[in-house]
Amino acid sequence: MLGSASKNSNNIYYVSCEQLGLPIYHSVMFIESYDSPGKTYSNFDHYHSSGRHTIILSSSSTSKQISLKNLFKNLWSSNITNVIVLSNIDDNGSIEIYTYFPFHEENCGQIESTILTKFNLDNPPDKNIVLFPNRWTNFHNCSVKIGTFDVKPYIIEEPENIKTKFSGIEAGLVQIVSQKLNFNIVYQSPTNNVQWGFIRQENSTGLMKMIQTKEVDLGVACIALSPPRSQYLQSGVPHYISKILFAIPDGRLYTPLEKIVRPLEADTWFALGFSLISFIFSTILIHRSSQHHLKMKPVPIINILNMLFGGSNPNPPRQNYARILLF
(Lines give C-alpha, C1' and ligand atoms only; values in the text may rest on other atoms or scores of the structure.)
Protein backbone atom coordinates (compact mmCIF):
# COMPACT_ATOMS: atom_id res chain seq x y z
CA MET A 1 0.00 0.00 0.00
CA LEU A 2 2.82 2.37 0.83
CA GLY A 3 4.63 1.31 -2.31
CA SER A 4 1.70 2.42 -4.46
CA ALA A 5 2.08 5.94 -3.08
CA SER A 6 5.67 6.20 -4.25
CA LYS A 7 7.10 6.62 -7.70
CA ASN A 8 8.52 3.11 -7.64
CA SER A 9 5.52 0.79 -7.43
CA ASN A 10 7.79 -2.18 -6.76
CA ASN A 11 9.10 -0.69 -3.53
CA ILE A 12 7.42 -2.22 -0.43
CA TYR A 13 7.91 -0.92 3.09
CA TYR A 14 7.76 -3.36 5.97
CA VAL A 15 7.21 -2.31 9.57
CA SER A 16 6.69 -4.96 12.24
CA CYS A 17 3.80 -4.29 14.63
CA GLU A 18 3.57 -7.62 16.46
CA GLN A 19 3.55 -7.20 20.23
CA LEU A 20 2.89 -9.79 22.90
CA GLY A 21 -0.25 -9.39 24.97
CA LEU A 22 -2.21 -7.30 22.45
CA PRO A 23 -5.41 -8.46 20.74
CA ILE A 24 -5.25 -9.69 17.16
CA TYR A 25 -8.18 -7.75 15.70
CA HIS A 26 -6.94 -5.82 12.66
CA SER A 27 -8.61 -3.48 10.20
CA VAL A 28 -7.42 -1.25 7.37
CA MET A 29 -9.52 1.75 6.31
CA PHE A 30 -9.03 3.95 3.25
CA ILE A 31 -10.06 7.61 3.32
CA GLU A 32 -9.90 9.46 0.05
CA SER A 33 -9.72 13.01 1.34
CA TYR A 34 -9.47 15.05 4.53
CA ASP A 35 -12.19 17.34 3.29
CA SER A 36 -15.21 15.06 3.77
CA PRO A 37 -15.16 13.95 7.40
CA GLY A 38 -18.95 13.84 7.73
CA LYS A 39 -19.32 11.14 5.10
CA THR A 40 -16.04 9.32 5.46
CA TYR A 41 -15.37 8.57 9.10
CA SER A 42 -18.34 9.68 11.16
CA ASN A 43 -19.04 6.22 12.63
CA PHE A 44 -16.57 3.64 13.91
CA ASP A 45 -19.01 1.74 16.15
CA HIS A 46 -18.75 -1.41 14.04
CA TYR A 47 -15.01 -1.77 14.67
CA HIS A 48 -13.57 -3.65 17.62
CA SER A 49 -12.48 -1.13 20.23
CA SER A 50 -9.63 -3.36 21.43
CA GLY A 51 -8.24 -4.01 17.95
CA ARG A 52 -5.46 -2.36 15.97
CA HIS A 53 -6.59 -0.13 13.14
CA THR A 54 -4.71 1.46 10.25
CA ILE A 55 -6.12 4.35 8.24
CA ILE A 56 -4.65 5.15 4.81
CA LEU A 57 -5.17 8.71 3.56
CA SER A 58 -4.68 8.93 -0.17
CA SER A 59 -4.64 12.72 -0.42
CA SER A 60 -3.93 15.70 1.79
CA SER A 61 -5.23 19.22 2.21
CA THR A 62 -4.22 22.50 3.80
CA SER A 63 -6.34 21.74 6.90
CA LYS A 64 -4.60 18.48 7.70
CA GLN A 65 -4.13 19.06 11.43
CA ILE A 66 -7.74 20.17 11.92
CA SER A 67 -9.01 17.17 9.98
CA LEU A 68 -6.75 14.80 11.91
CA LYS A 69 -8.06 16.21 15.16
CA ASN A 70 -11.66 15.67 14.04
CA LEU A 71 -10.82 12.15 12.93
CA PHE A 72 -9.23 11.26 16.24
CA LYS A 73 -12.17 12.78 18.14
CA ASN A 74 -14.53 10.48 16.25
CA LEU A 75 -12.30 7.52 17.03
CA TRP A 76 -12.14 8.46 20.72
CA SER A 77 -15.94 8.74 20.92
CA SER A 78 -16.09 5.12 19.70
CA ASN A 79 -13.45 4.05 22.28
CA ILE A 80 -10.90 3.24 19.56
CA THR A 81 -7.37 4.19 20.61
CA ASN A 82 -5.07 1.64 18.93
CA VAL A 83 -5.03 3.45 15.59
CA ILE A 84 -2.43 4.94 13.24
CA VAL A 85 -3.02 7.22 10.26
CA LEU A 86 -0.70 7.07 7.24
CA SER A 87 -0.51 10.16 5.05
CA ASN A 88 1.65 11.12 2.08
CA ILE A 89 3.02 14.66 2.39
CA ASP A 90 4.42 15.18 -1.11
CA ASP A 91 4.82 13.53 -4.49
CA ASN A 92 8.15 11.93 -3.59
CA GLY A 93 6.60 9.09 -1.59
CA SER A 94 7.24 10.62 1.82
CA ILE A 95 4.94 9.15 4.45
CA GLU A 96 3.93 10.41 7.91
CA ILE A 97 2.38 8.19 10.58
CA TYR A 98 0.09 9.88 13.12
CA THR A 99 -1.68 8.68 16.25
CA TYR A 100 -3.18 10.24 19.39
CA PHE A 101 -2.93 9.84 23.16
CA PRO A 102 -6.14 10.59 25.11
CA PHE A 103 -4.28 11.11 28.40
CA HIS A 104 -0.93 12.80 28.76
CA GLU A 105 0.65 15.45 30.93
CA GLU A 106 -1.47 18.61 31.36
CA ASN A 107 -4.01 17.23 28.88
CA CYS A 108 -6.92 15.07 30.00
CA GLY A 109 -9.25 13.96 27.25
CA GLN A 110 -8.17 16.75 24.86
CA ILE A 111 -7.45 14.98 21.60
CA GLU A 112 -4.40 16.15 19.68
CA SER A 113 -2.63 14.37 16.81
CA THR A 114 0.92 13.17 17.41
CA ILE A 115 3.37 12.17 14.71
CA LEU A 116 5.07 8.84 15.37
CA THR A 117 7.54 8.79 12.50
CA LYS A 118 8.27 10.05 9.00
CA PHE A 119 10.05 8.18 6.23
CA ASN A 120 10.55 8.03 2.46
CA LEU A 121 12.35 5.99 -0.19
CA ASP A 122 15.78 7.13 0.93
CA ASN A 123 14.96 6.81 4.63
CA PRO A 124 13.11 3.52 5.30
CA PRO A 125 11.20 3.19 8.58
CA ASP A 126 12.82 1.77 11.68
CA LYS A 127 11.59 -1.78 12.21
CA ASN A 128 11.84 -1.31 15.97
CA ILE A 129 9.33 1.53 16.12
CA VAL A 130 6.26 0.81 18.26
CA LEU A 131 3.26 1.66 16.12
CA PHE A 132 0.65 0.79 18.75
CA PRO A 133 2.04 1.83 22.14
CA ASN A 134 0.11 1.06 25.31
CA ARG A 135 -1.86 4.22 26.14
CA TRP A 136 -3.29 2.95 29.42
CA THR A 137 -0.27 2.54 31.68
CA ASN A 138 -0.46 6.11 33.02
CA PHE A 139 -3.47 8.45 33.13
CA HIS A 140 -1.26 11.32 34.34
CA ASN A 141 -3.52 12.11 37.30
CA CYS A 142 -6.58 12.70 35.10
CA SER A 143 -10.08 12.13 36.48
CA VAL A 144 -12.13 9.04 35.68
CA LYS A 145 -15.89 9.22 36.27
CA ILE A 146 -17.28 6.05 37.81
CA GLY A 147 -21.00 5.35 38.11
CA THR A 148 -22.06 3.42 41.20
CA PHE A 149 -24.54 3.27 44.09
CA ASP A 150 -25.01 1.53 47.43
CA VAL A 151 -25.13 -2.27 46.95
CA LYS A 152 -23.57 -4.00 49.93
CA PRO A 153 -21.04 -5.58 50.29
CA TYR A 154 -19.70 -4.63 46.83
CA ILE A 155 -20.28 -0.88 47.18
CA ILE A 156 -21.01 0.66 50.58
CA GLU A 157 -22.15 4.28 50.59
CA GLU A 158 -20.91 6.24 53.59
CA PRO A 159 -22.15 9.85 53.84
CA GLU A 160 -19.30 12.06 55.02
CA ASN A 161 -19.93 15.79 55.51
CA ILE A 162 -20.71 17.28 52.09
CA LYS A 163 -19.60 14.50 49.74
CA THR A 164 -20.28 10.78 49.85
CA LYS A 165 -17.53 8.23 50.43
CA PHE A 166 -17.70 4.74 48.93
CA SER A 167 -16.15 1.58 50.32
CA GLY A 168 -16.66 -2.16 49.88
CA ILE A 169 -15.17 -4.96 47.78
CA GLU A 170 -15.42 -3.31 44.36
CA ALA A 171 -14.61 0.16 45.66
CA GLY A 172 -11.38 -1.32 47.00
CA LEU A 173 -10.61 -2.81 43.59
CA VAL A 174 -11.20 0.58 41.95
CA GLN A 175 -8.86 2.21 44.45
CA ILE A 176 -6.10 -0.30 43.67
CA VAL A 177 -6.50 0.25 39.91
CA SER A 178 -6.44 4.05 40.34
CA GLN A 179 -3.16 3.83 42.23
CA LYS A 180 -1.64 1.55 39.60
CA LEU A 181 -2.77 3.63 36.61
CA ASN A 182 -2.48 7.05 38.30
CA PHE A 183 -5.97 8.55 37.96
CA ASN A 184 -8.42 10.36 40.24
CA ILE A 185 -11.75 8.74 41.10
CA VAL A 186 -14.93 10.77 40.66
CA TYR A 187 -18.03 8.85 41.77
CA GLN A 188 -21.50 9.60 40.38
CA SER A 189 -24.78 7.89 41.28
CA PRO A 190 -28.03 7.50 39.28
CA THR A 191 -30.74 10.00 40.15
CA ASN A 192 -33.91 9.01 42.03
CA ASN A 193 -32.22 5.81 43.29
CA VAL A 194 -32.93 3.97 40.01
CA GLN A 195 -29.84 1.79 40.57
CA TRP A 196 -28.96 -0.48 37.61
CA GLY A 197 -31.93 0.44 35.42
CA PHE A 198 -32.64 -1.09 32.01
CA ILE A 199 -30.53 -1.01 28.86
CA ARG A 200 -32.14 -0.41 25.48
CA GLN A 201 -31.12 1.08 22.17
CA GLU A 202 -32.89 4.25 23.32
CA ASN A 203 -34.49 5.49 26.55
CA SER A 204 -32.26 3.48 28.88
CA THR A 205 -32.47 4.15 32.60
CA GLY A 206 -30.30 4.19 35.70
CA LEU A 207 -26.63 3.30 35.66
CA MET A 208 -26.99 1.61 32.26
CA LYS A 209 -28.04 4.94 30.74
CA MET A 210 -25.13 6.76 32.38
CA ILE A 211 -22.64 4.34 30.81
CA GLN A 212 -24.39 4.24 27.43
CA THR A 213 -24.57 8.04 27.09
CA LYS A 214 -20.96 8.40 28.34
CA GLU A 215 -22.09 10.39 31.36
CA VAL A 216 -19.60 8.19 33.23
CA ASP A 217 -16.54 6.35 31.94
CA LEU A 218 -17.44 3.04 33.56
CA GLY A 219 -19.87 1.48 36.00
CA VAL A 220 -19.03 -0.49 39.14
CA ALA A 221 -21.90 -1.86 41.22
CA CYS A 222 -22.15 -5.67 41.22
CA ILE A 223 -23.14 -5.55 37.55
CA ALA A 224 -24.11 -8.94 36.15
CA LEU A 225 -23.67 -9.84 32.48
CA SER A 226 -26.79 -10.25 30.37
CA PRO A 227 -27.51 -10.40 26.61
CA PRO A 228 -29.02 -6.86 26.41
CA ARG A 229 -26.14 -5.35 28.38
CA SER A 230 -23.57 -7.19 26.25
CA GLN A 231 -25.32 -5.93 23.11
CA TYR A 232 -25.04 -2.23 23.94
CA LEU A 233 -22.13 -2.05 26.42
CA GLN A 234 -18.64 -3.51 26.69
CA SER A 235 -18.01 -5.48 29.86
CA GLY A 236 -14.80 -5.83 31.80
CA VAL A 237 -13.34 -9.04 33.17
CA PRO A 238 -15.41 -10.50 36.06
CA HIS A 239 -13.56 -10.50 39.36
CA TYR A 240 -12.87 -13.52 41.55
CA ILE A 241 -16.30 -13.68 43.22
CA SER A 242 -18.24 -13.69 39.94
CA LYS A 243 -17.27 -16.99 38.32
CA ILE A 244 -20.62 -18.77 38.84
CA LEU A 245 -22.95 -18.97 35.85
CA PHE A 246 -26.53 -20.25 36.05
CA ALA A 247 -28.13 -21.32 32.76
CA ILE A 248 -31.92 -21.70 32.67
CA PRO A 249 -33.18 -23.54 29.57
CA ASP A 250 -36.32 -22.51 27.73
CA GLY A 251 -39.52 -24.48 28.18
CA ARG A 252 -41.76 -25.65 30.99
CA LEU A 253 -40.73 -24.75 34.53
CA TYR A 254 -39.74 -27.52 36.92
CA THR A 255 -42.34 -28.74 39.41
CA PRO A 256 -41.43 -28.73 43.12
CA LEU A 257 -40.93 -32.50 43.00
CA GLU A 258 -38.60 -32.20 39.98
CA LYS A 259 -36.56 -29.55 41.77
CA ILE A 260 -35.96 -32.04 44.60
CA VAL A 261 -35.26 -35.06 42.40
CA ARG A 262 -33.22 -33.57 39.53
CA PRO A 263 -30.02 -32.58 41.39
CA LEU A 264 -29.22 -36.29 42.04
CA GLU A 265 -28.94 -39.11 39.51
CA ALA A 266 -31.03 -42.28 39.72
CA ASP A 267 -28.15 -44.38 41.10
CA THR A 268 -27.70 -41.92 43.95
CA TRP A 269 -31.39 -42.04 44.85
CA PHE A 270 -31.34 -45.87 44.82
CA ALA A 271 -28.30 -45.94 47.11
CA LEU A 272 -29.80 -43.33 49.42
CA GLY A 273 -33.14 -45.15 49.56
CA PHE A 274 -31.51 -48.52 50.24
CA SER A 275 -29.38 -47.06 53.03
CA LEU A 276 -32.33 -45.24 54.57
CA ILE A 277 -34.55 -48.34 54.60
CA SER A 278 -31.72 -50.43 56.04
CA PHE A 279 -31.10 -47.91 58.81
CA ILE A 280 -34.78 -47.73 59.71
CA PHE A 281 -35.27 -51.50 59.89
CA SER A 282 -32.04 -51.99 61.84
CA THR A 283 -33.00 -49.27 64.30
CA ILE A 284 -36.50 -50.67 64.86
CA LEU A 285 -35.16 -54.21 65.29
CA ILE A 286 -32.44 -53.29 67.77
CA HIS A 287 -34.64 -50.84 69.64
CA ARG A 288 -37.37 -53.45 70.20
CA SER A 289 -35.09 -56.38 71.05
CA SER A 290 -32.69 -54.68 73.45
CA GLN A 291 -33.95 -51.22 74.28
CA HIS A 292 -33.27 -51.72 77.99
CA HIS A 293 -29.64 -52.65 77.38
CA LEU A 294 -28.63 -49.99 74.79
CA LYS A 295 -30.34 -47.08 76.56
CA MET A 296 -30.97 -45.33 73.22
CA LYS A 297 -32.58 -41.93 73.11
CA PRO A 298 -36.31 -41.58 72.38
CA VAL A 299 -37.61 -41.42 68.81
CA PRO A 300 -34.55 -43.22 67.29
CA ILE A 301 -36.05 -43.09 63.79
CA ILE A 302 -36.12 -39.29 63.88
CA ASN A 303 -32.52 -39.25 65.12
CA ILE A 304 -31.40 -41.51 62.25
CA LEU A 305 -33.18 -39.32 59.67
CA ASN A 306 -31.67 -36.21 61.22
CA MET A 307 -28.12 -37.53 61.07
CA LEU A 308 -28.50 -39.13 57.63
CA PHE A 309 -29.47 -35.78 56.08
CA GLY A 310 -26.74 -33.78 57.76
CA GLY A 311 -28.35 -32.76 61.01
CA SER A 312 -26.57 -32.41 64.33
CA ASN A 313 -26.65 -34.82 67.26
CA PRO A 314 -26.22 -32.73 70.42
CA ASN A 315 -26.30 -35.74 72.77
CA PRO A 316 -24.37 -38.63 71.26
CA PRO A 317 -24.47 -41.98 73.09
CA ARG A 318 -21.73 -42.48 75.69
CA GLN A 319 -21.58 -46.26 75.85
CA ASN A 320 -19.13 -47.96 73.51
CA TYR A 321 -21.54 -50.32 71.77
CA ALA A 322 -24.11 -47.61 71.10
CA ARG A 323 -21.45 -45.29 69.66
CA ILE A 324 -20.10 -48.05 67.41
CA LEU A 325 -23.62 -48.82 66.23
CA LEU A 326 -24.31 -45.15 65.50
CA PHE A 327 -21.03 -44.82 63.59
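In what order do the five strands of the open sheet come? They run β1-β2-β3-β4-β7, and the pairing is mixed. Here are my notes, point by point.

1. **What you are looking at.** This is a predicted model, in which local features need pLDDT of at least 70, side-chain atom pairs count only at pLDDT 80 or more, and totals for chains, interfaces and linings use all residues. Residues are numbered from 1 along each chain as its sequence is written, and side-chain values use heavy atoms, with hydrogens and water left out.

2. **The sheet and its edges.** Strands here are DSSP runs of E with at least two residues, helices are runs of H or I with at least four, and both are numbered from the N terminus. Two strands count as paired if DSSP finds at least two bridges between them. On that basis, β1 (26-31) and β7 (113-119) are the edge strands, each pairing on one side only. Neighbouring strands of the sheet are turned by 20° against each other on average, direction ignored. The angle is taken between axes, which are lines fitted to C-alpha atoms (for helices, over the stretch in contact), with angles running from 0 to 180 degrees between N-to-C directions.

3. **Strand β3 and its two neighbours.** Strands of a sheet pair through backbone hydrogen bonds, either parallel or antiparallel. On one hand, β2 (residues 52-57) runs parallel to β3 and is joined to it by five bridges; T54 has I84 as its bridge partner there. On the other hand, β3 (residues 83-88) and β4 (residues 95-100) are antiparallel, with four bridges between them. In that pairing, L86 sits opposite I97 of β4.

4. **Is β3 buried or exposed?** Take "buried" as under 20% relative accessible area, "exposed" as over 50%, and "partly exposed" as in between (1.4 Å probe, protein chains only). Six of the six residues of β3 are buried, so the strand is largely enclosed by the rest of the structure. In a regular strand the side chains alternate between the two faces of the sheet. Here V83, V85 and S87 point one way, while I84, L86 and N88 point the other way.

5. **The disulfide.** There is one disulfide in the structure, meaning a pair of cysteine sulfur atoms within 2.5 Å. C108 and C142 form it, with their sulfur atoms 2.0 Å apart. C108 belongs to strand β6 (residues 107-108) and C142 to strand β8 (residues 142-147), so the pair ties together parts that are 34 residues apart in sequence. The torsion about the S-S bond is about -85°, so this disulfide is left-handed.

6. **The nonpolar cores.** A nonpolar core is a set of buried Ala, Val, Leu, Ile, Met, Phe, Trp, Tyr and Cys residues joined through side-chain atoms within 4.5 Å. The largest one has 21 residues, and I155, L207, M208 and I211 have the most contacts inside it. The elements giving two or more residues to this core are β8, α3 (169-181) and α4 (206-212). Of these, α4 gives the most, with four residues. I211 touches V216, L218, G219 and L233, leaving aside residues up to four places away in sequence; a contact means heavy atoms within 4.5 Å.

7. **The salt bridges.** A search of the whole structure turns up four, each being a side-chain nitrogen of Lys or Arg within 4 Å of a carboxyl oxygen of Asp or Glu. One of them joins K69 and E112, at 3.4 Å from N to O. K69 is in helix α2 (residues 64-77) and E112 in the loop between β6 and β7, so this pair ties together parts 43 residues apart in sequence. K69 is partly exposed at 28%, and E112 is partly exposed at 38%.

8. **Two further salt bridges.** E96 pairs with K118, their closest N and O atoms being 3.6 Å apart. This pair links strand β4 with strand β7, 22 residues apart. E96 is buried, at 8%, but K118 is partly exposed, at 46%. D150 and K152 also meet in a salt bridge, at 2.9 Å from N to O. D150 is partly exposed at 26%, and K152 is exposed at 55%.
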